Amino acid sequence: MAIDCLVLGAGQEIGKSCVVVTINNKKIMFDCGMHMGCDDHNRYPDFSILSKSGDFDKTISCVIITHFHMDHVGALPYFTEVCGYNGPVYMSYPTKALSPLMLEDYRRIMVDRRGEEELFTSAHIATCMNKVIPLDLKQTIQVDQDLQIRAYYAGHVLGAVMVYAKVGDAAIVYTGDYNMTTDRHLGAAKIDRLQLDLLISESTYATTTRGSKYPREREFLQAVHKCVAGGGKALIPSFALGRAQELCMLLDDYWERMNIKVPIYFSSGLTIQANMYYKMLISWTSQNVKEKHVAHNPFDFKNVKDFDRSLIHAPGPCVLFATPGMLCAGFSLEVFKHWAPSPLNLVALPGYSVAGTVGHKLMSGKPTTVDLYNGTKVDVRCKIHQVAFSPHTDAKGIMDLTKFLSPKNVVLVHGEKPSMMSLKDKITSELDIPCFVPANGETVSVASTAFIKANASDMFLKSCSNPNFRFSNSSAQLRVTDQRTSDGVLVIEKSKKAKIVHQDEVSEALREEDHIVSLAYCCPVKVKGETDGVGLIKLLSKKISETVSYAEIHESETCLQVGSFKGSLCLKEECVHRRGISSCSEVKFLCCNWSVADLELGWEIINAMKQNL
């Protein structure tokens, strides 16, 4: 059997993660995201590949969402409520709680503010979330009689999980996005050592290896402090959940230590609402946060206030966290238009920005102007600072996880093609694991494991239990080892259970007479003098056919092949000498362990050769 991995999104790109894996006729959709940098039909995965008729209930066994980021959950309401999928949907408890907030925030920005076509409504979001079955960490869920799934802690954002899926003996892990190191508010990814046929891993930072986080934190704090000390405004475009909490914790602590009175603002009530969930779901955070939570909730920020739209043009310095991240739309982009022309101000981008977004354009160089979505241009005179606070693991983390799990195959998704190809070569060369980098719409097929339960005969078990002692002298000491081995044959009959029998029981098990072993042997012959080579071949062929019954002889002008004959043959060196042959150095022959019988073939051939050598 094979495991088929169809990539509908995040194939050689970052965005709209969606991978459909078929394991022994069970189809699992991992993530159902949208592309944040697209505003056309490429925004969603091409679901028509799965079913031309649109009957997805018969096609998909279940959908599993790894976390609440829009590039992993953004197309789910469209798939369930517009496309009509009504099968089971699984996600962690935090993801179920936070996904509707993210989806509604996105819908409000794209439809209410930008006037785009409404692909799903608020009612669609609510109905979709009612279908979700929540997962606990390490809880094994039996989706149906054959398919079971299990979630593992992935770090990255609150509630993010890796997913283990097994059908029969075939098993895979889909990582989603994950982080192999702890940060200020979340722990590192944790997973059991599993027997896997396939690992599907994100590869956002496939060629990046990060150093210590403390220099990066110091660099970020110094850039923001310098901006506000000079009277400027610092804009930090971020999604309401994840990096916003980490950076707020960092800034809040720094403001306390440095006694800075410049206000820090959140732009959205969504972030305030999200912080409430962080307080409720404290068990999903880092060990450091759990310990501090006993005395003080670290998400109760002393220096952070809610932001009013009228403050955009207010004089004086400030720090503003505005949603969404990447400057892809919404309030963060609106504030950017007003603040970008001033050289006093700062835009700090806290992580990766998808191609097509304004954030990506700013990170790609030092543009003096930027084209926005509606065709307007904005002068960019402010400082641009990229903050390396990505919640994704780096290249070392991907290699560490792959080495730990040691799967039979690896598929990389959610990355940029050049970096992915480099990591693929590294996995193949250093870990000796086949690695694939499929594009969107492509399918990778790998072999799946299948274990057979077999009974064992009494004779085979008895032979396994017999001692097989070996004696050796080592450093003047007698060493005794027991190397128990037994030759068994696996017998599988139609409609019967597999059985391992002793080699002496094979004939009885197959209800056949003793079988005949066939031997094929090709020997080069050098001819001296004027002897005709073709004549020698014919001479040897005739002699063999007269001596051996059942022989299969094939002649050519330069070669004689003999195969499939009955009998026992010994060409052991001691037998050669016992027969009075003084030297066989020019004769190449096959040495075997059969006992000497009445067959004189070996010596007839050798004697015939010696007369012509």
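**A helix crossing, a cavity and a loop**

Helix 6 and helix 7 cross in a right-handed manner; a crossing is right-handed if the near helix is turned clockwise from the far one by less than a right angle, and left-handed if anticlockwise. The model is a predicted one, in which local features need pLDDT of at least 70 and side-chain atom pairs count only at pLDDT 80 or more, while totals for chains, interfaces and linings use all residues. Residues are numbered from 1 along each chain as its sequence is written, and side-chain values use heavy atoms, with hydrogens and water left out.

Two packed helices are described by the angle between their axes and the distance between the axes. From helix 6, E217, F220, L221, V224, H225 and V228 meet L247, L250, L251, Y254, W255 and M258 of helix 7. This contact has 10 nonpolar residues, one polar and one charged. Here Ala, Val, Leu, Ile, Met, Phe, Trp, Tyr, Cys and Pro count as nonpolar, Asp, Glu, Lys and Arg as charged, and the others, Gly among them, as polar.

Across the protein there are 18 helices and 30 strands, taken as DSSP runs numbered from the N terminus (helices are H or I, at least four residues; strands are E, at least two). Of the 613 residues, 50% count as buried, that is, under 20% relative accessible area, with exposed over 50% and partly exposed in between (1.4 Å probe, protein chains only). Helix 10, residues 330-339, has seven of its 10 residues buried; among them are F331, F336 and W339.

What is the volume of the largest cavity? It is about 390 Å³, counted as the space filled by probe spheres set on grid points joined across faces, edges and corners. A cavity is a set of points on a 1 Å grid over the protein atoms alone where a 1.4 Å probe fits but cannot get out, and its lining residues have an atom within 4 Å of a point. The largest cavity is lined by 26 residues, of which H69, F239, M326, Y352 and P391 lie nearest its centre.

G37 sits in the loop between strand 3 (26-30) and helix 1 (56-59). Leaving aside neighbours within four places in sequence, G37 is in contact (heavy atoms within 4.5 Å) with V354, A355, G356 and T357.

Notes:
1 Å grid on protein atoms, 1.4 Å probe; cavity = no way out; pocket = protein on both sides within 12 Å on 5 of 7 lines; lining within 4 Å.
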